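Please read them with the structure open.

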Amino acid sequence: MKREYIPAFHFIIKLLKMAKDLKPHIGIFGRRNNGKSSIINKLTGQDIAIVSDFAGTTTDPVKKSMEIFGIGPAVIIDTAGIDDYGELGTKRVEKTYQTIKNIDCAILVITNNEFDTPEIELINRFTENDIPFLVIHNKSDIIPIDTTLKSRIEHDYHTKVLDFNTINGDTSTLTELLKKTIPETSYHKPSLLGDIIKPKDVVVLVTPIDAEAPDGRMILPQVMAIRDVLDNDCICVVVKETNLQDYFEKITCKPALVVTDSQVFAIVNKIVPPEIPLTSFSIVLARLRGDFDNYAKGTSFLSRLKDDDKILMLESCTHQVNCEDIGRYKIPNLIRKFTKKNISFDYISGLAPIENIEQYAMVIQCGGCMVTRKQLINRTNMAVSKNIPISNYGMTLAYLNGIFDRAMEPFRK
Ligand SMILES: Nc1nc2c(ncn2[C@@H]2O[C@H](COP(=O)(O)OP(=O)(O)O)[C@@H](O)[C@H]2O)c(=O)[nH]1
Ligand SMILES: [Mg+2]
């Protein structure tokens, strides 16, 4: 039996990335030489960023996982100066702007009471991307902040301005402010099933052990589900689909939920009594990534596609061969077979810009294992804001295989 859309390696990469993504991503921005790299060093107590008094030392955005005093693990992204110029400089500035889409929170560093076009442009982009930010007036040991400017910025942009210097500045005030600015959702670890199961529930996980199963162990989505069930103080039962019937014959207590590998959904669907909630690992995992509610709403549009409709496939994971195979061949073929309509597909890879989104009847996003949740949502929001239905690979496959309604039922409130 060939595993379809929970290919082990694909999800392992996805889940490993996820652990990293749960750390808040903080970007630091400002003109060259304002002390951005010095502030990172100060925050972390390490000489991670290269500091120099030669403007333009930080070229590409530098991403570092680090422990920030009082906050915990985070990813800080040090960027090139926003006032860089020349051919190379302009490219660096463009990269700095792109970074904004990957972060949860921003620090804007100003000095010398300079607050002008580069700063306003940055703030506009933070606002467009819904990124909370704080402002640091650095090098205040040389020139302290002008209080009128401070009040103006705080008033106009609903933010805080901190007078600071990296020589003897008090980092605890900075971390306190940072803590308040970072949205809780960026480090709050969501439970996979916590909202639909309660302590002492029995949860049955159906995991086929076939030729594709790794030797002597379980794949990560299964391990994660087991752990999540236990974390929720529930009783976890793990069975192969071939023993599921035995389970229901021998065990009198009804499970609160059954989660199965999608490949055996049809078999499991027949065995699990209709009153017991049943879902698939792929749907459970989709909840950790992207805009679950809008995917859930948009997926059934697959039944309303018309001849000559165009679908936009968003492939965020450019290097995943398996993902590419699903998005380029498997899904288009299944959609054509399912709808019996003449549907065409366009593909956009990575984070390339989306043009003329209005021409598409529907947008289908890949699992998005290589990008942050925020990036995914920022992208699919372009469709949502134009009332274009969205879905993702996992839900689309579930729908085309006729398992969508039952697999989604446990999550409908
Ligand atoms: N006097 C003073 N110098 C600073 C301060 N912060 C950074 N510097 C110096 O400013 C220069 C540029 O700092 P750097 O962190 O590389 O700036 P970046 O280009 O924004 O990353 C270096 O020589 C730093 O030592 C500060 O608070 N006060
Ligand atoms: Mg720097």
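**Notes on the model**

1. Ser 391 is buried, with a relative accessible area of 0%. Buried means under 20% relative accessible area, exposed means over 50%, and partly exposed lies in between, with a 1.4 Å probe and protein chains only. Ser 391 sits in strand 14 (residues 390–392). Helices (H or I, at least four residues) and strands (E, at least two) are DSSP runs, numbered from the N terminus. The side chain of Ser 391 makes a polar contact with the side chain of Thr 396, at 2.8 Å. A polar contact is a pair of N or O atoms within 3.5 Å; within protein, one must be able to donate a hydrogen and the other to accept it, and residues adjacent in sequence count only if both atoms are side-chain atoms. Leaving out residues up to four places away in sequence, Ser 391 touches Tyr 295, Thr 299, Met 362, Val 363, Ile 364, Gln 365 and Thr 396. Contact here means heavy atoms within 4.5 Å.

2. A word on the basis. This is a predicted model, in which local features need pLDDT of at least 70 and side-chain atom pairs count only at pLDDT 80 or more, while totals for chains, interfaces and linings use all residues. Residues are numbered from 1 along each chain as its sequence is written, chains are lettered from A and ligands numbered from 1 in the order in which they are written, and side-chain values use heavy atoms, with hydrogens and water left out.

3. The chain overall. The protein chain has 413 residues, and 52% of them count as buried. Its secondary structure comes to 15 helices and 14 strands. Among contacts with a separation of 6 or more, 77% join residues 24 or more positions apart. The accessible surface is about 19500 Å², and carbon and sulfur atoms hold 52% of it. These areas come from the Shrake-Rupley method with a 1.4 Å probe; for residues, only the protein chains shown count as cover.

4. What surrounds ligand 1? The shell has 18 residues, and the closest are Asn 33, Lys 36, Ser 38, Asp 141 and Thr 166. A residue is in the shell if one of its heavy atoms lies within 4 Å of the ligand. By class, the shell has 3 nonpolar, 9 polar and 6 charged residues. Ala, Val, Leu, Ile, Met, Phe, Trp, Tyr, Cys and Pro count as nonpolar, Asp, Glu, Lys and Arg as charged, and the others, Gly among them, as polar.

5. Backbone atoms face oxygen atoms of ligand 1 at several places. A polar backbone atom of Asn 34 lies 3.2 Å from one ligand oxygen. For a backbone N or O atom of Gly 35, the distance to a ligand oxygen is 2.9 Å. For a polar backbone atom of Thr 166, it is 2.7 Å. Taken alone, ligand 1 exposes 580 Å², and the protein buries 85% of that.

6. Helix 2 (residues 36–44) gives the largest share of the shell around ligand 1, with 3 residues. Is helix 2 mostly covered or mostly open? It is mostly covered, with 8 of its 9 residues buried. Those buried are Lys 36, Ser 37, Ser 38, Ile 39, Ile 40, Asn 41, Leu 43 and Thr 44. They pack against strand 1 (25–30), strand 2 (62–68), strand 3 (72–78), strand 4 (105–111), strand 5 (133–138) and helix 6. Gly 45 follows helix 2, and its phi is positive, near 70 degrees.

7. Salt bridges next. The whole structure has 14 of them. A salt bridge is a side-chain nitrogen of Lys or Arg within 4 Å of a carboxyl oxygen of Asp or Glu. Arg 92 and Asp 84 form one, at 2.7 Å from N to O. Arg 92 is buried at 17% relative accessible area, and Asp 84 is buried at 12%. A network of salt bridges links Arg 32, Asp 83, Asp 84 and Arg 92.

8. Lys 179 and Glu 176 form another salt bridge, at 3.6 Å from N to O. Both lie in helix 6 (residues 171–181), 3 residues apart, about one turn of the helix. Lys 179 is partly exposed at 36%, as is Glu 176 at 39%.

9. Asp 201 and Lys 198 also pair, at 3.3 Å from N to O. Asp 201 is buried at 10% relative accessibility, whereas Lys 198 is exposed at 54%.
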